[in-house]
Amino acid sequence: MNVHTLSRVDARRIAIRAQLLHGERPKALTDMVRHLTLLQLDPTAAIAPAADLVSWSRLGGAYAPEFLVQALKERQLVEIGATIRPVEDAVLFRAEMLEMRRRPPVADWEKRFHGWLEANDACRRDIFARLEADGPLLSRDIPDTCVLPWKSTGWTNDQNVIRLLGLMADLGEVAIAGRQGRNRLWDLAERVYPDAPVPDPGEALRERDERRLRALGIARTKSTKVPIEPYDVGAAGEAAVVEGVKGEWRVDPMYLGQPFEGRAALLSPFDRLIHDRKRAVELFDFEYGVEMYKPAAKRRWGYFALPILFHDRMVGKLDATADRKAGVLRVNAVHEDEAFTKEMTVAVDAEVDALAEWLELEVERS
């Protein structure tokens, strides 16, 4: 089997091209999401919600948040868990959902969930009946008839209906049918997901690995398990080694030997180019972490600092806040991981100006 040898520059350029952050911008939101496979949802809007910021980073000023709202309303895209996905990809997740229904619980957490669902089976059946008759519904419109409260150290403690809906969604019984403001509307899964044959779980997993590698360009064969979306891609693509970096990599061969034209970009903290922090260090020498949960005195880069891409390098972080009441995008600091050249400064300043224009704010620099 041929193993591709890549320099770190090669690997970075493949990753950037795969994430649609090279010179040629995508044209349409739905096509962009189909390629990226997902937009991660996060409620933090210090500048803009994560899904909107990721979309703006690719599409530029041509993107408007209402495009995403409309695509979800028209079911070109669908919300699954904490992500927005192409609606046609829902079948790949339904395979896993069906497998979860059939597989007996093994791990302690699985047994806990299974036991809690069994104890509240009457409430579960009541939810089915209410959604069938009146759906889609907000969780607050569904009476809590659970006999065993959900216990948690987190925000879901005693949030029985919300937790039950979440578990039923994991099993493919209900689904998120839309939003009313920030609140999710729930309905029967069969009314939300396309009526398409569900593939074998193993085949669905292989397809998801291949789609993920197409979106990442280069990724690990194996990695630490993480929530929302794996960082690894199994046996997808072709084997590769990256000079100066240990471990087994997989690369999508469609990106090999392709020309590269870079640009400057401001990224969401949840952007998939740098979401795998280990890969970001290995390929980009880029250290980063979301600091909104840290005390202000312990933050190095800011509450919601945006990673800065310049051509094929991650070069810094933008500490900025959108103060909509004052009508300004307040730039607190630009942290330079390497000394900016004049070209870099001009390009980054232009991106800050473009971001402010998109947000319909004025730039206020410290």
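Guide: The model is predicted. Helix 8 spans residues 160-170 and is mostly covered, with nine of its eleven residues buried. The buried positions are Asn160, Val161, Arg163, Leu164, Leu165, Gly166, Leu167, Met168 and Ala169. After helix 8 comes glycine 172, with a positive phi near 75°.

A helix pair may be considered next. Helix 2 (residues 29-36) and helix 10 (residues 201-216) have axes that come within 7 Å and cross at roughly 115°. Helix 2 is therefore roughly perpendicular to helix 10. At this contact, Arg34, His35 and Leu36 of helix 2 meet Arg211, Arg214 and Ala215 of helix 10. By class, the residues of the contact comprise three charged, two nonpolar and one polar.

Five strands form an open sheet in the order 11-12-13-14-15, and their pairing is mixed. Strand 11 (264-266) and strand 15 (362-365) are the edge strands, each pairing on one side only. On average, neighbouring strands of this sheet are turned by 30° against each other, direction ignored. Strand 14 (residues 328-336) runs parallel to strand 15, and four bridges join the two. Valine 328 stands opposite glutamate 362 of strand 15.

Conventions
Residues numbered from 1 in each chain as written. Predicted model: local features only at pLDDT ≥ 70, side-chain atom pairs only at ≥ 80, totals over all residues. Heavy atoms only, no water. Buried < 20%, exposed > 50% of the residue type's maximum accessible area, 1.4 Å probe, protein only. Axes fitted to C-alpha atoms, helices over the stretch in contact; angles between N-to-C directions. Parallel < 35°, antiparallel > 145°, perpendicular 65-115°, else oblique. Contact = heavy atoms within 4.5 Å. Nonpolar A, V, L, I, M, F, W, Y, C, P; charged D, E, K, R; others polar. Pairing = 2+ DSSP bridges.
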